[in-house]
Amino acid sequence: MLIKSAKYIISSPDFEKCPAPDKKEYAFIGRSNVGKSSLINMLCNNEKLAKTSGTPGKTQLINHFEIVSASAINPKKEGENVKWFLVDLPGYGFAKVSIR
Ligand SMILES: Nc1nc2c(ncn2[C@@H]2O[C@H](COP(=O)(O)OP(=O)(O)OP(=O)(O)O)[C@@H](O)[C@H]2O)c(=O)[nH]1
Ligand SMILES: [Mg+2]
């Protein structure tokens with residue numbers, strides 16, 4: 001699969017405020033500081049897309065990115081643009097931030 005573009009859409013404090021689920025969504029779950037945001041940036045070839053930090057607890061909101069990729073799953077649609085959400089989630093565990 002070829003990711004053609006990745007665009008920041010919105011940061012949401014809880015799932016009810018997230019964008020309408022009109023596209024497929026993919027998210028990575030894991031402890032704070034394991035590299036979820038870095039992985040998203042690597043996949044999208046854009047180091048500035050998702051904010052990363054060496055201090056656990058950087059991502060505190062649900063961040064939606066709209067991805068346009070060239071389809072490689074359905075042979076009939078090969079090369080066609082497909083839009084989906086890549087979602088950067090806050091980590092759990094040992095975030096070095098105060099409890100809100
Ligand atoms: N050695 C190594 N360090 C990495 C790798 N990926 C990310 N890091 C580092 O790990 C730290 C945390 O990366 P993030 O991508 O911000 O981690 P996160 O899982 O999004 O963290 P939270 O937002 O706190 O949940 C940063 O200092 C990155 O540079 C990797 O593949 N190898
Ligand atoms: Mg993060």
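**Figure 1. Magnesium site of the predicted model.** In this predicted model, the magnesium ion (ligand 2) has Ser 37 (OG) and Thr 59 (OG1) as its protein donors, at 2.0 to 2.1 Å. Donors are N, O and S atoms within 2.8 Å of the metal (3.2 Å for Na, K and Ca), and because water is not among the atoms, sites may look incomplete. The pair links distant parts of the chain, 22 residues apart: Ser 37 belongs to helix H1 (residues 36-44), and Thr 59 to the loop between H1 and strand S3 (62-70). Helices (H or I, at least four residues) and strands (E, at least two) are DSSP runs, numbered from the N terminus. Ser 37 is buried, with 8% relative accessibility, and Thr 59 is also buried, with a relative accessible area of 12%. Here buried means under 20% relative accessible area, exposed means over 50%, and partly exposed lies in between (1.4 Å probe, protein chains only).

Residues are numbered from 1 along each chain as its sequence is written, while chains are lettered from A and ligands numbered from 1 in the order in which they are written. Local features need pLDDT of at least 70, side-chain atom pairs count only at pLDDT 80 or more, and totals for chains, interfaces and linings use all residues; side-chain values use heavy atoms, with hydrogens and water left out.

**Figure 2. The chain as a whole.** The chain contains 1 helix and 4 strands, which follow the pattern β-β-α-β-β along the sequence. Its C-alpha atoms fill a box of roughly 50 × 25 × 20 Å, taken along the principal axes. Of the 100 residues, 31% count as buried. Among contacts (heavy atoms within 4.5 Å) with a separation of 6 or more, 67% come from residues 24 or more positions apart. The side chains include 15 positive and 9 negative ones, and the centres of the two sets lie 5 Å apart. In this count Lys and Arg are positive, Asp and Glu are negative, and His and the chain ends are not counted; each charge is placed at NZ of Lys, CZ of Arg, CG of Asp or CD of Glu.

**Figure 3. The nonpolar cores.** The largest nonpolar core has 8 residues: Ile 40, Cys 44, Leu 49, Ala 50, Phe 65, Ile 67, Trp 84 and Leu 86. At least two residues of this core come from each of H1, S3 and strand S4 (81-88). Apart from this core lies another, of 5 residues, including Cys 18, Phe 85, Val 87 and Leu 89. A nonpolar core is a set of buried Ala, Val, Leu, Ile, Met, Phe, Trp, Tyr and Cys residues joined through side-chain atoms within 4.5 Å. In soluble globular proteins, nonpolar side chains tend to be buried together. Within the largest core, Ala 50 is in contact with Ser 37, Ile 40, Asn 41, Phe 65 and Asp 88, leaving aside neighbours within four places in sequence.

Figure 4. Glu 25 and Tyr 26 are both placed in strand S2. Tyr 26 is partly exposed at a relative accessible area of 47%, and Glu 25 is partly exposed at 38%. Beyond residues up to four places away in sequence, Tyr 26 touches Trp 84, Phe 85, Leu 86 and Val 87. With neighbours within four places likewise set aside, Glu 25 contacts His 64, Phe 85 and Val 87. For Tyr 26 and His 64, 38 residues apart, the C-alpha separation is 9.8 Å.

**Figure 5. Asparagine and glycine residues in the loops.** Most residues other than glycine have a negative phi. Asn 33, although not a glycine, has a positive phi of about 75°; Asn 33 lies in the loop between strand S2 (25-28) and H1 and is partly exposed, at 42% relative accessible area. Asn 45 has a positive phi of about 55°, is found in the loop between H1 and S3, and counts as exposed at 72% relative accessibility. Gly 57 is also in the loop between H1 and S3 but is buried, with a relative accessible area of 14%. The C-alpha atoms of Gly 57 and Ser 37 are separated by 11 Å.
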